[in-house]
Amino acid sequence: MHTRRTLLKNTFFAAGAAAFVQQARAQAPAVATVQTAVLNIGYEERGPRDGFPVILLHGFPDDVRVWDEVAPPLVKAGYRVLAPYVRGHGLTRFRDGQMKGAEQAAIGQDVIDFADALNIRQFAITGYDWGARAMNVAAALYPERIRAGVFIGGYNIQDVFAPAQPAAPEAEYASWYQWYLNMERGRLTLMNNRRAFCKLLWKQWSPTWNFTDETFNRTAPSFDNPDFVDAVIHSYKHRHGNAPGDPRYDAMERRLALRPKITSPAIVLHGADDGIAKPPADNPGERAMFPNLVARRVVTGAGHFLPRQRPDAVSDALLELLATK
């Protein structure tokens with residue numbers, strides 16, 4: 001026969017176990033897919049369904065694992081955290097008959113289409129690399145949809161119709177991968193030796209990040225996506241005028257060519273040790289593109305893969321913006 005003390009003890013442990021299970025469910029991502037006109041978008045979701053949504057956009061070459069340490073503080077604060085795989089990566093696939101491209105307008109529209117598929121009207125957002133380009137486009141063209149954004153790398157909307165002018169030799173050197181991927185030799189390397197190529201970019205872009213093989217190998221399967229090569233090659237060819245865009249995005253690209261400002265409340269973050277381009281202490285031109293800029297920060301201890309090296313800087317910035325009504 002159970003004594004009162006035993007019953008209370010069992011009740012206590014049962015309540016504790018239930019709380020642990022509930023917390024684990026809130027922290028562990030659920031994996032799902034939604035369909036848009038162009039894509040089947042795979043994504044991970046954490047946190048309460050009724051929480052205000054925060055969309056996290058990874059870059060190339062990376063995947064949703066980049067957000068594993070960014071998401072928990074957001075979930076703890078009660079936000080619904082959504083991390084989709086961008087075009088050509090991980091679980092996301094092109095639907096039959098769609099052009100397998102990744103121009104800036106396309107990946108920006110994907111953000112809005114993803115939110116629409118989940119019946120999300122307004123959301124907060126962050127992203128870096130391709131994810132930053134996507135959120136720049138979404139925020140510039142759909143300002144009413146973006147409550148706030150943490151823009152890693154700042155403003156990077158491009159006028160794809162204007163001939164690109166050569167940058168300083170150091171910048172041209174750092175962008176070697178873009179010129180390489182415009183060549184057939186680069187396409188073949190990406191097709192046949194993509195993991196070694198991507199790992200080299202990780203090392204060069206974040207030279208102070210001593211990541212392990214285990215860390216890289218958790219993400220590398222996302223590069224085996226059958227659309228990876230086509231999407232990546234198109235992205236880097238299109239931005240340099242060496243590949244046509246998808247006609248469905250022509251009107252968007254014309255609007256983006258005017259380089260519209262981003263009016264959502266924003267925090268801009270830069271990795272101090274970014275191997276592509278070290279950020280200046282200040283950038284008045286960049287600040288001018290964010291009329292509602294809350295802060296611009298150069299984050300020490302991080303390179304291009306800032307969310308992996310300093311996840312606290314990203315989650316803290318998001319929470320700071322979301323706390324502002």
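**Briefing: a predicted single-chain model**

Of the 325 residues in the chain, 52% are buried, where buried means under 20% relative accessible area, exposed means over 50% and partly exposed lies in between, with a 1.4 Å probe and protein chains only. This is a predicted model, in which local features need pLDDT of at least 70 and side-chain atom pairs count only at pLDDT 80 or more, while totals for chains, interfaces and linings use all residues. Residues are numbered from 1 along each chain as its sequence is written, and side-chain values use heavy atoms, with hydrogens and water left out.

**Overall form**

- The chain holds 14 helices and nine strands; these are DSSP runs numbered from the N terminus, with helices (H or I) of at least four residues and strands (E) of at least two.
- The C-alpha trace spans about 85 × 45 × 40 Å along its principal axes.
- Of the contacts between residues at least 6 apart in sequence, 76% join residues at least 24 apart, a contact being heavy atoms within 4.5 Å.

**Surface and charge**

**Nonpolar core**

- The largest nonpolar core has 95 residues, and Phe-60, Phe-123 and Leu-269 have the most contacts inside it; such a core is a set of buried Ala, Val, Leu, Ile, Met, Phe, Trp, Tyr and Cys residues joined through side-chain atoms within 4.5 Å.
- Helix H4 (residues 130-141) gives the largest share of this core, eight residues.
- Not counting residues up to four places away in sequence, Leu-269 touches residues including Val-150, Phe-151, Ile-152, Arg-297 and Leu-306.

**Backbone details**

- The peptide bond from Phe-60 to Pro-61 is cis, with omega near -10°, and Pro-61 sits in the loop between strand E3 (53-57) and helix H2 (71-76).
- Asn-119, in the loop between helix H3 (104-117) and strand E6 (123-127), has a positive phi near 60° and is exposed at 73% relative accessible area.
- Arg-259 has a positive phi near 50° and is partly exposed at 37% relative accessibility.
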